[in-house]
Amino acid sequence: MINLDSLTLFISAALFGIIWLVQRLHYPSFMFLDQLTFKTAMKHHQDRISWVVVPLMLTELLLAIVAVIRDVSTYTLTILIIVIMIWLVTFTIQVPLHSKLLLEGFNEQRIHRLVRTNWIRTLLWTLKLFVIFSTTVNSL
């Protein structure tokens, strides 16, 4: 049987790595895309990144809910709140920005806003991994 704590740590570490790669490399590189092919590049990005991130985020949410159901504690509630905050930022800020870039094309201010607001998710996923890791290490 799969250990849910280990799976939670693995999923959190994967999302941590992905978000830092996106934040420091991928999103800033949008500024260097050719304006003529920008919409095609955005469509490619959204299609490909979704195959990686959506299953991880859904699993992350499910694991956080299961953890709270199994044991309501400050730890499990903290993790669930962080995950909910990530989802809120993702679907109220990041997804609409991506949609506008896809629809309207290259926009320097919008790309800068995408990078700037993505720091929220980057810090939340970093905090989540820190909480999980520090709790895991302390329980050994």
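The chain contains 4 helices and 0 strands, and from the N terminus on its elements read α-α-α-α. Of the 140 residues in the chain, 34% count as buried. The four helices that will return throughout this account are helix 1 (4–29), helix 2 (38–70), helix 3 (74–104) and helix 4 (108–138), and each of them gives two or more residues to the lining of the largest pocket.

Confidence comes next. The average pLDDT of the chain is 94, and 96% of the residues score at least 70. Where pLDDT is low, the predicted coordinates should not be read in detail. Within the chain, confidence is highest in helix 3, with a mean of 97, and lowest in helix 4, with a mean of 94.

With the overall layout in place, attention can turn to empty space. Rolling a probe the size of a water molecule over the atoms shows where such space is left. The largest pocket holds about 410 Å³. Its lining is made up of 22 residues, and those nearest the centre of the pocket are I49, V53, T90, V95 and R121. Helix 2 supplies the largest share of this lining, at 8 residues. Sorted by class, the lining of the largest pocket has 14 nonpolar residues, 7 polar residues and 1 charged residue.

Two of the residues nearest the centre of this pocket deserve a look of their own, namely I49 and T90. I49 belongs to helix 2. Is I49 buried or partly exposed? With a relative accessible area of 26%, I49 is partly exposed, because the buried class is kept for values under 20%. The C-alpha atoms of I49 and V22 are 9.8 Å apart in space, while the two residues are separated by 27 residues in sequence. T90, in turn, is found in helix 3. T90 has a relative accessible area of 5% and is therefore buried. A polar atom of the T90 side chain lies 2.7 Å from the backbone oxygen of I86.

The second largest pocket has a volume of about 200 Å³. The residues around this pocket are L4, D5, T8, L63, V66, A67, R70, D71, Y75, T76 and I79. At least two lining residues come from each of helix 1, helix 2 and helix 3. Helix 2 again stands out here, as it gives the most to the lining of the second largest pocket, with 4 residues. The lining of the second largest pocket divides into 6 nonpolar, 2 polar and 3 charged residues.

The last part of the picture concerns charge. Side chains of opposite charge can pair when their charged atoms come close.

Another salt bridge joins the side chains of K128 and E60, with an N to O distance of 3.0 Å. K128 is in helix 4 and E60 is in helix 2, so this pair ties together parts that lie 68 residues apart in sequence. K128 counts as buried, with 2% relative accessibility, and E60 is buried as well, with a relative accessible area of 2%.

The remaining salt bridge is formed by the side chains of R110 and E104, at 2.7 Å from N to O. What are the accessibility classes of R110 and E104? R110 has 18% relative accessibility and counts as buried, whereas E104, at 48%, counts as partly exposed.

Technical notes. Residues are numbered from 1 along each chain as its sequence is written. This is a predicted model: local features need pLDDT of at least 70, side-chain atom pairs count only at pLDDT 80 or more; totals for chains, interfaces and linings use all residues. Side-chain values use heavy atoms; hydrogens and water are left out. On a 1 Å grid over the protein atoms alone, a cavity is a set of points where a 1.4 Å probe fits but cannot get out, and a pocket is an open set with protein on both sides within 12 Å along at least five of seven lines; lining residues have an atom within 4 Å of a point. Grid points are joined across faces, edges and corners, and a volume is the space filled by probe spheres set on the points. Ala, Val, Leu, Ile, Met, Phe, Trp, Tyr, Cys and Pro count as nonpolar, Asp, Glu, Lys and Arg as charged, and the others, Gly among them, as polar. A salt bridge is a side-chain nitrogen of Lys or Arg within 4 Å of a carboxyl oxygen of Asp or Glu. Buried means under 20% relative accessible area, exposed over 50%, partly exposed in between (1.4 Å probe, protein chains only). pLDDT is the predictor's confidence in each residue, from 0 to 100. A polar contact is a pair of N or O atoms within 3.5 Å; within protein, one must be able to donate a hydrogen and the other to accept it, and residues adjacent in sequence count only if both atoms are side-chain atoms.
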